[in-house]
Amino acid sequence: MANKGPSYGMSRDVQSKIEKKYDDELEDRLVEWIVAQCGSSVGRPDRGRLGFQVWLKNGIVLSQLVNSLYPDGSKPVKIPDSPPTMVFKQMEQIAQFLKAAEDYGVVKTDMFQTVDLFEAKDMAAVQRTLVALGSLAVTKNDGHYHGDPNWFMKKAQEHKREFSESQLKEGKNIIGLQMGTNKGASQAGMSYGRPRQIIS
């Protein structure tokens, strides 16, 4: 980790493409949400990808964020009294946030990996995780979300339908057109080529 030098060639191209996915406008919206959700005690980062990464790097702000989405008495992440200074403790704090976010409902494909944040390898993935967490919080609408609900898209929700027994029986008598139809279909006039010639 500490001895990683600059990348060249294809590695540099890949890293450049990853960095281009980072959205500065989305960063502003996420900072506003985190401050609204956690309070002004979390402070504000310096503008830009690096400032955002440094702000979240020790995992404390992320832990406060996910804890604020739960009711008092059931906070999933333990936050130490003083911010961790040792590298493995900071990475452990980030891992606890990721576990709590997954338990909250964020799907694995929307999750960043600890090194994506800690080493600033893919800050766009960090943004993706926070957007997914915000969308879930808005969708749940349980009173724990603070901020403008228009900052995040609501997730699609299940719309369960109940059918009576008589409606189900009626449905068995109807053949849907997606299953095909045999009206007007016949094999008249079809030929499959010449018959097989058997010579003895």
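Analyst: Start with burial. Buried means under 20% relative accessible area, exposed means over 50%, and partly exposed is in between, with a 1.4 Å probe and protein chains only. This is a predicted model, where local features need pLDDT of at least 70, side-chain atom pairs count only at pLDDT 80 or more, and totals for chains, interfaces and linings use all residues. Residues are numbered from 1 along each chain as its sequence is written, and side-chain values use heavy atoms, with hydrogens and water left out.

User: Why is glutamine 53 called buried?

Analyst: Its relative accessibility is 5%. The limit is under 20%. Therefore glutamine 53 counts as buried.

User: Where is glutamine 53 placed?

Analyst: Glutamine 53 sits in helix α3, residues 49-56. Helices are DSSP runs of H or I with at least four residues, numbered from the N terminus.

User: What does glutamine 53 contact beyond its neighbours within four places in sequence?

Analyst: Glutamine 53 is in contact with Leu117, Phe118, Glu119, Ala120 and Met123. Contact means heavy atoms within 4.5 Å.

User: What makes a nonpolar core?

Analyst: A nonpolar core is a set of buried Ala, Val, Leu, Ile, Met, Phe, Trp, Tyr and Cys residues, joined through side-chain atoms within 4.5 Å. The largest one here has 43 residues. Among those touching the most other members are Phe52, Phe97 and Leu133. Helix α7 gives the most to this core, with 9 residues.

User: Which residues does leucine 133 touch, not counting those up to four places away in sequence?

Analyst: Leucine 133 touches Trp33, Leu65, Leu69, Phe97, Ala101, Tyr104 and Val106.

User: How do you know that aspartate 103 and lysine 99 form a salt bridge?

Analyst: A salt bridge is a side-chain nitrogen of Lys or Arg within 4 Å of a carboxyl oxygen of Asp or Glu. For aspartate 103 and lysine 99, the closest N and O atoms are 3.0 Å apart. That is within 4 Å, so the pair counts. The two are 4 residues apart in helix α5, which means they are separated by about one helical turn. By this rule the count comes to 6 salt bridges.

User: Why is lysine 108 called exposed?

Analyst: Lysine 108 has a relative accessible area of 63%. The limit is over 50%, so lysine 108 is exposed. Its salt bridge partner is glutamate 102, with the closest N and O atoms 3.4 Å apart. Glutamate 102 is at 33%, so glutamate 102 counts as partly exposed.
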